[in-house]
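Trainee: I would like to learn how to read a helix and a strand in a model. Where do we start?

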Amino acid sequence: MPKLQNRRIAILATDGYEQSELEKPRDALLSEGAEVHIVSTHSGQIRGWNENDWGDSVKVDRTLDDVSPADYDALVLPGGQINPDMLRNDKSAVGFIKAIFEAKKPIAAICHAPWLLVEAGIAKGRKLTSFHSIRTDLENAGAIWEDSPVVVDQGVVTSRNPDDLPNFCGKMIEEICEGRHDARAA
């Protein structure tokens, strides 16, 4: 039986997400039986960034206006520079992330996506990693930054870059299997 059968996972992204950081976690979740929704700020499609240029697009399954944090068991935040920078300026996106966290559900963020954890007030006092260029941003927000392929702190999974995707996907699935992290302080 797949590990994530009957689990519903949101991947929150907009244009400019790092293509591999959306596709590989999505595929890993689907392979474990999860129902996965691409959630975005707008309907239609969102276009990825593939290393040095625009990449493929993915269909948006739901907009933020159409979903509630109660609809999902976990949240995945792909990185790239453009995607998290745009999302952290969207009050609905930040509110959605914060509500998932406050419901003690797992959150997985890679590359520049930990910027969203800062914006949602989640970083302070938490062990995190990220793309090296936003280390100071995380530390200034009170995070305890580690240079590791994957860092887990009470259901919050973070990784540095696409090279870390195998570790990131493995820990993301493990944390989602564990379910709510009731001991986690908001």
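Mentor: Start with a definition: buried means under 20% relative accessible area, exposed over 50%, and partly exposed in between (1.4 Å probe, protein chains only). Helices (H or I, at least four residues) and strands (E, at least two) are DSSP runs, numbered from the N terminus. This is a predicted model, where local features need pLDDT of at least 70, side-chain atom pairs count only at pLDDT 80 or more, and totals for chains, interfaces and linings use all residues. Residues are numbered from 1 along each chain as its sequence is written, and side-chain values use heavy atoms, with hydrogens and water left out.

Trainee: Which residues of H6 are buried?

Mentor: An α-helix has 3.6 residues a turn, so residues three or four places apart point the same way. In H6 (residues 165–178), the buried ones are Leu 165, Phe 168, Cys 169, Met 172, Ile 173, Glu 175 and Ile 176. They cover an arc of only 165° around the axis (taken from the directions from the axis to the C-beta atoms), which puts them on the same side of H6.

Trainee: What covers the buried residues of H6?

Mentor: The cover includes strands S1 (8–12), S7 (74–77), S8, S11 and S12, and helix H1 (19–31); contact means heavy atoms within 4.5 Å.

Trainee: How do I read the faces of strand S12?

Mentor: In a regular strand the side chains alternate between the two faces of the sheet. In S12 (residues 156–159), Val 156 and Thr 158 lie on one side, Val 157 and Ser 159 on the other, and all are buried.

Trainee: Which strands pair with S12?

Mentor: Two strands pair if DSSP finds at least two bridges between them. S8 (residues 107–110) pairs with S12 in the parallel sense over four bridges, with Ala 108 partnered by Val 157. S11 (residues 150–153) runs antiparallel to S12, also joined by four bridges, and Val 150 is partnered by Ser 159.

Conventions
Expected span 1.5 Å × (residues − 1).
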